[in-house]
Amino acid sequence: MFGVNVSPFLLSATIKYHIEKYREQYPPATEMRDTCLYVDDVISGADDISQALKLSKDADRIMKNASITLRKWNLNNQALMRTWKGEGLEIHPRHLEDGSQIPLSKVLEIP
């Protein structure tokens, strides 16, 4: 359906429909997906690494159940990036392995 002028709406509606099944089981993750979704990008945060890890793992689990793979995880914490990589989450390719620089992030191509 990509290329059709209603594609962003259909994607958003499909995601919102799917996450409703998990609202009680994963409240923070469904709230994040519901309120922080911009077409196919999500921008959100957490107060600490453990909260960010739980939120990201829950969101990944929810979307995998819909056969949707969350990709290009972007962050500003090198310890969390290493943890995500260990968990098998796909880190945004612009992150440097040595962690010397955290790149500027964009949502819908807006910095």
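The buried residues of helix 2 pack against helix 1 (7-19), strand 1 (37-38), strand 2 (41-42) and helix 3 (49-64). In this description, contact means heavy atoms within 4.5 Å, and buried denotes under 20% relative accessible area, exposed over 50% and partly exposed in between, for a 1.4 Å probe and protein chains only. Helices (H or I, at least four residues) and strands (E, at least two) are DSSP runs, numbered from the N terminus. The model is a predicted one, in which local features need pLDDT of at least 70 and side-chain atom pairs count only at pLDDT 80 or more, whereas totals for chains, interfaces and linings use all residues. Residues are numbered from 1 along each chain as its sequence is written, and side-chain values use heavy atoms, with hydrogens and water left out.

The protein chain contains 4 helices and 2 strands, arranged from the N terminus in the order α-α-β-β-α-α. Of its 111 residues, 32% are buried. Among contacts with a separation of 6 or more, 45% are between residues 24 or more positions apart.

In helix 2 (residues 27-35), the buried residues are Ala29, Thr30, Met32 and Arg33. These residues lie on the same side of helix 2 because they cover an arc of only 160° around the axis, the arc being that of the directions from the helix axis to the C-beta atoms. In general, an α-helix has 3.6 residues a turn, so residues three or four places apart point the same way.

Helix 1 has 13 residues and spans 18 Å from its first C-alpha to its last, close to the 18 Å expected at 1.5 Å a residue; the expected span is 1.5 Å times one less than the number of residues. Ser7, Ser12, Ile15, His18 and Ile19 are buried in helix 1. They are placed on the same side of helix 1, because their arc around the axis is only 135°. The cover over the buried residues of helix 1 includes helix 2, strand 1 and helix 3. Phe9 and Tyr17 are exposed residues on the face of helix 1 turned away from its buried side.

His18, in helix 1, is buried because its relative accessible area is 7%. Not counting residues up to four places away in sequence, His18 touches Ile62, Asn65 and Ala66. Tyr17, also in helix 1, has a relative accessible area of 66% and is therefore exposed. The C-alpha atoms of Tyr17 and Asp34 are separated by 9.9 Å, with the two residues 17 apart along the chain.

Helix 3 and helix 4 (residues 78-87) pack at an angle of about 30°, with their axes 10 Å apart. Axes are lines fitted to C-alpha atoms, for helices over the stretch in contact, and angles run from 0 to 180 degrees between N-to-C directions. The contact is made by Ile49, Ala52, Leu53, Ser56 and Lys57 of helix 3 together with Ala79, Leu80, Thr83, Trp84 and Glu87 of helix 4. By class, the residues of this contact comprise 6 nonpolar, 2 polar and 2 charged; Ala, Val, Leu, Ile, Met, Phe, Trp, Tyr, Cys and Pro count as nonpolar, Asp, Glu, Lys and Arg as charged, and the others, Gly among them, as polar.

Lys72 is located in the loop between helix 3 and helix 4. Lys72 counts as partly exposed because its relative accessibility is 41%. The C-alpha atoms of Lys72 and Glu90, 18 residues apart along the chain, are separated by 5.5 Å.
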